[in-house]
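Okay, everyone, thanks for coming. Today I'd like to talk about charged side chains and who pairs with whom. Let me put the thing up on the screen.

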Amino acid sequence: MKYSEFMGRLDSGKLPHIFLLAGEEHYYIEKARQAIFKGLGADKEDFADSLQKFTGEVGLDTLIGTIETAPFFTEKNIVLVQDTPLFKAAKGEATGKEREKQLAGLISLLEDMPPYSYVLFISREKPDKRKKLFKAVEKTGLVLEAEPVRAWNIGDWLQDKLREIGKELDREAYGYFQGAVSLMQPISLEFLDSEFDKLALYTEDRRINKGQLMQVFASLPEVSNFALLDAVSARDVRKALFLLKRQLSEGTYFTIILALLTRHVRQLWQAKLLMSKGIRGKALARPLELNPYIAERLGQAAERFSEQALKEAMLELIDADYRLKTGQAGEEVLEHAIILLCKKWGI
């Protein structure tokens with residue numbers, strides 16, 4: 001299940017005895033781990049004594065024995081199995097009779113857990129749902145599938161965070177946030193989480209506008225990059241050149257800006273081709289792997305350029321990349337490319 005549903009189940013009542021936190025999104029896994037530990041009494045003095053930790057490969061007999069062992073000086077026996085490969089998809093996985101017997105024993109134990117024991121499995125990879133062990137955990141416990149967050153699916157995280165801090169974004173602020181996040185490679189939810197906490201302290205207003213969001217996110221390179229690409233999309237050459245010079249003066253390496261320009265022109269071209277096939281508006285989101293709001297804006301921007309113009313723009317940027325990397329030109333080629341994008345290559 002997804003993070004929001006998982007956390008809701010944790011808050012709904014009595015904790016199950018088995019948990020699996022699996023996937024690539026470390027932020028969700030860590031948040032869920034902290035919530036589980038809190039529910040199991042992490043604030044109590046004897047919590048450390050009740051916690052048994054394993055990392056990586058662990059013998060199944062050892063694991064079974066640890067789960068079955070009754071605690072002596074604490075009420076609970078909490079077993080944490082970190083970075084376990086037990087749920088990992090493995091092609092052509094060969095297991096002997098002894099291993100199969102041990103797995104069967106572990107599954108049988110998980111289906112009928114001792115009342116004093118709790119098991120938390122953590123895997124940094126997507127689980128193989130075909131495995132009998134996964135099915136047993138899913139049946140008797142709670143499973144968090146922590147899929148990586150990208151710009152196109154960050155909406156759930158954003159809504160959960162805004163609900164947590166008691167805020168909401170107006171339309172312009174939402175668009176600004178989505179635009180900046182679309183350039184983050186990769187997206188750091190830990191960073192965004194802390195920035196929104198700052199934002200909650202910064203303003204007493206429930207509704208956050210674009211100006212307030214900009215003040216908090218102003219130091220992010222992605223924000224300046226988004227503003228530059230937005231100016232190019234609008235074919236505002238004066239603003240685009242101003243933002244380019246500011247980026248360079250602040251130390252942004254020219255190859256980063258060139259790579260972003262190239263990516264942006266490629267996306268405009270892709271959007272143009274998709275729209276010629278009747279795919280428009282927010283429907284562009286899936287094929288472009290973008291947030292629907294950003295995809296719709298990209299489509300609107302693509303309408304300002306001809307298909308031939310975008311093809312030529314790609315060739316110009318590829319040539320600029322070669323000349324910059326071979327020392328045949330300097331930062332002026334970026335200015336030249338932006339001028340041509342904004343002036344010559346419109347419809």
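So, start with Lys161, Glu164, Asp193 and Asp197: salt bridges link them in a network. By salt bridge I mean a side-chain nitrogen of Lys or Arg within 4 Å of a carboxyl oxygen of Asp or Glu. The structure has 18 of them.

Quick caveats: this is a predicted model, where local features need pLDDT of at least 70 and side-chain atom pairs count only at pLDDT 80 or more, while totals for chains, interfaces and linings use all residues. Residues are numbered from 1 along each chain as its sequence is written, and side-chain values use heavy atoms, with hydrogens and water left out.

Now, Glu125 and Lys88 meet in a salt bridge at 3.9 Å, N to O. Glu125 sits in the loop between β4 and α6 and Lys88 in the loop between β3 and α5, so this pair ties together parts 37 residues apart in sequence.

Next, Glu145 and Lys129, with closest N and O atoms 3.0 Å apart. Glu145 is in strand β5, Lys129 in the loop between β4 and α6, 16 residues apart. Glu145 is buried at 18% relative accessibility, whereas Lys129 is partly exposed at 42%. Buried is under 20% relative accessible area, exposed over 50%, partly exposed in between, with a 1.4 Å probe and protein chains only.

Last one: Lys198 and Glu195 form a salt bridge, both in helix α9, three residues apart, about one turn. Glu195 is buried at 6%; Lys198 is partly exposed at 47%.

Definitions and conventions:
Helices (H or I, at least four residues) and strands (E, at least two) are DSSP runs, numbered from the N terminus.
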